[in-house]
Amino acid sequence: MVRRDEIRSLPTLSPAERERTRRTRESLIGGGLLSAPPGAIGVPRHIEMSWRRCVGDRVPVAPANLDYREPEDTLPALCRAAAPVLNRLKDSFADVPVAMVLSDAHGRIVWRHAARRQRLVMDRASAAEGFDYSERSVGTNGIGTALVERRPVLVRGPEHYNALLEELTCASTPIVEPGTGRLLGSFSLACSIREVHALMAVMAGDIGCQIEARILDQAGERRRRLVEAYLVLERTRTGALVIDEDAVLANRLGLAHAGPELHPLLWRFLSERGPKRIRRMQVPLTDGLHEALVEPMPFGSTTAYTVRLLSRRSAPASDGPPVGAASTETVAPVAPREPLHFHADVARQLETAVRHGETVALTGGSGTGKLSTALRILRRAGADAPLVVEPDADGAWFEAARTAVAENRGLVLRRLDETPTPTVRQLEALAGPGRPVALTVDLGNASDAVLGLVRRVATTVRLPALAQSRAHLPLLIHAVLADLPEPESATRFSPGAWDRLLAWHWPGNLAELRNTVVLLARRSEGGTVDVDDLPDELHGSGRTAGLLESAERTAVGEALRAADGNRSRAAQALGIGRTTLYRKMREFGLS
């Protein structure tokens, strides 16, 4: 076991050692992993192993753009524990040319304090809040390498993989959760190679210990209060849960609604919509929405919640005899009917339209499941083999459609927002009360003429975007898996993967969800999908650009053009710092 203060490398390199290290690194990168046997290139072992990982992963030596996103998914416990320690040190380090950097467990910088000289160097290398400093992003560096090695490291000058970091020396230590050993992030001290202090590695380790001690203290108090709240609910006669940002406790009845997706699903919902006082509300659980009494429990700057599940509402009365009535014959159980849509409000609208024999026009964005819902409606009406036609793509569609309606076979008219569209006379000849006909149309992209045409013959029902139905994601994902063959159908997702799935905004809606789940299940072959297995896009925050962001992008672009590309003048014109300008440029894809 390597202690925090046991970093075997001396903190300084002579000019000759720096030049030799630079040539050695360039030789390995240029010649490949087989250009020198392991242990023979004359640099510390952790530096050589990191270089070899970077070469093997084809990490760019000078990446044009580092991945940036707001560090919003950082464990709040890390920031809460680190803030008092780092704020106190800011005053102590006010006149010291050293930078302090805190990262999350993935290498993304979440906090930085730097003296002016270090700030300029670090800004040039995008070593600022929000940027990805994992090894796979920027190569060998204090943050990323400490996280991979899970031990303190010292990275000096040209030992960095990225040439932009050659003027810095960085001492870093991982931060782990006491008791569980879970990696939470890293702390680093960085300074110029000409201003290295012999004790910087020891100081970095000591600061890391202080942060871990605060994490332990805060976790102990929080968990004690969490368990006390759970013990109050444990013996209730309904399902009971207690949840905070890191954990969920459930009694025996509550376990029936649990799974690896429960915590990210329920906590995301309550952190966004949790009440300020006890309230009855619907909450999403692994097996769907449930009525519950939700009560907040403030813990300092954070909040936990108790969730007491209430009985499901009674099912609607059937057409048979009332409960308890005498019966002279055995009645076979009636199989439950397939719901017309996973969203309860949409399902009710569809049920009403079907019950009254109305023609339904399903509208919504691409991938929202309009065709599958239309087929479900027609199956409910007894049409088991409906014809699906697209009037814009088939010039002879009308005769085939009229035949299908005459034979009571069922008909789906797709993409009525595309041109050419059917005429009023054609639609009225096909659609009508009691006829098994359904329409699909994206009224958001349709003209008023198409809207008027559809409204003449049908009842419109809008299918929601998946981003508006995140509470239903677990059920939808399990339904996709259930339709797959073995072993893919046995695929499971880790809690971390569920967190990213629930955070993504799913611009492709149900179609994107199904494709993503099928591909992940195929690759996992029935195993567990972890965060690293997800597509790169799902590693982001999932935010979509709004009007404010569009306006910011325009303003940044215009300022750069007015300044002829001079970033300092552009930042001054916008009234922001250069670091903020660099972050905005990368965020908006500007160069």
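1. Buried means under 20% relative accessible area, exposed over 50%, and partly exposed in between (1.4 Å probe, protein chains only). By this scale Arg 150, at 45%, is partly exposed. Arg 150 lies in the loop between helix 6 (142-149) and strand 3 (153-156); helices (H or I, at least four residues) and strands (E, at least two) are DSSP runs, numbered from the N terminus.

2. The model is predicted: local features need pLDDT of at least 70, side-chain atom pairs count only at pLDDT 80 or more, and totals for chains, interfaces and linings use all residues. Residues are numbered from 1 along each chain as its sequence is written, and side-chain values use heavy atoms, with hydrogens and water left out.

3. The protein has 19 helices and 17 strands. Of its 591 residues, 47% are buried.

4. Most residues other than glycine have a negative phi, and most peptide bonds are trans. Arg 150 has a positive phi of about 55°. Asn 408 also has a positive phi, near 60°. Asn 408 sits in the loop between helix 11 (397-406) and strand 13, and is exposed, with a relative accessible area of 52%.

5. Two cis peptide bonds deserve a look. One joins Thr 419 and Pro 420, with omega about 0°; Pro 420 is in the loop between strand 13 (411-413) and helix 12 (424-430). Another joins Glu 486 and Pro 487, again with omega about 0°; Pro 487 is in the loop between helix 14 (473-482) and strand 16 (492-493).

6. Leu 199 is found in the loop between strand 5 (183-192) and helix 7 (200-233). Its relative accessibility is 46%, so Leu 199 counts as partly exposed.
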